[in-house]
Amino acid sequence: MVNKDDFLYPRGRYYGQVKPENLVFNANLQEFAQKISYICNLETSGKIPPEQAYEQIKGLWKNLKRSKKELRIGEDPFHSDEGNSE
């Protein structure tokens, strides 16, 4: 039997470097993409106004950026801007 959540919110397989923070960010990114798709479809069909769609997307983007920062995605853990790095 197919789970409706698997149908409505499909998850793609992750092929990147397997680290907990990468897996969490990937899940967040896939959720972001799914929600953006729904918002775009609602706006295109006239169910929500463009301004509302924009504000919702802007909020989702801020959440994704915060997630990236909190998970320290893209940062070099061995390089610090504090102090001397030689």
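Two rings of Phe, Tyr or Trp form an aromatic pair if their centres lie within 6.5 Å. The legends below describe close-up views of a predicted model.

**Figure 1. The aromatic pair of F32 and W61****.** The structure contains one aromatic pair. The ring centres of F32 and W61 are 6.0 Å apart and the ring planes meet at 55°, so the pair is classed as tilted. Distant parts of the chain are linked by this pair, since F32 belongs to helix α2 (residues 20–44) and W61 to helix α3 (residues 50–71), 29 residues apart. With a relative accessibility of 16%, F32 counts as buried, whereas W61, at 46%, counts as partly exposed.

**Figure 2. The largest nonpolar core****.** Nine residues make up this core: F25, F32, I36, I39, I48, A53, L60, L64 and I73. Two or more residues are given to the core by each of α2 and α3, and the largest share, four residues, comes from α2. In soluble globular proteins, nonpolar side chains tend to be buried together.

**Figure 3. The surroundings of I48****.** Apart from its neighbours within four places in sequence, I48 is in contact with I39, L42, E43, A53 and Q56. Among these contacts, I39 and A53 also belong to the largest nonpolar core, as does I48 itself.

**Figure 4. Helix α2 and the residue G46****.** Helix α2 has 25 residues and spans 36 Å from its first C-alpha to its last, close to the 36 Å expected at 1.5 Å a residue. The buried residues of α2 are N22, F25, N26, Q30, F32, Q34, I36 and I39. Just after α2, G46 adopts a positive phi of about 80°.

Notes: Residues are numbered from 1 along each chain as its sequence is written. This is a predicted model: local features need pLDDT of at least 70, side-chain atom pairs count only at pLDDT 80 or more; totals for chains, interfaces and linings use all residues. Side-chain values use heavy atoms; hydrogens and water are left out. Rings of Phe, Tyr and Trp (its six-membered ring) pair if their centres lie within 6.5 Å; planes under 30 degrees apart count as stacked, over 60 as edge-to-face and the rest as tilted. Buried means under 20% relative accessible area, exposed over 50%, partly exposed in between (1.4 Å probe, protein chains only). A nonpolar core is a set of buried Ala, Val, Leu, Ile, Met, Phe, Trp, Tyr and Cys residues joined through side-chain atoms within 4.5 Å. Contact means heavy atoms within 4.5 Å. The expected span of a helix is 1.5 Å times one less than its number of residues.
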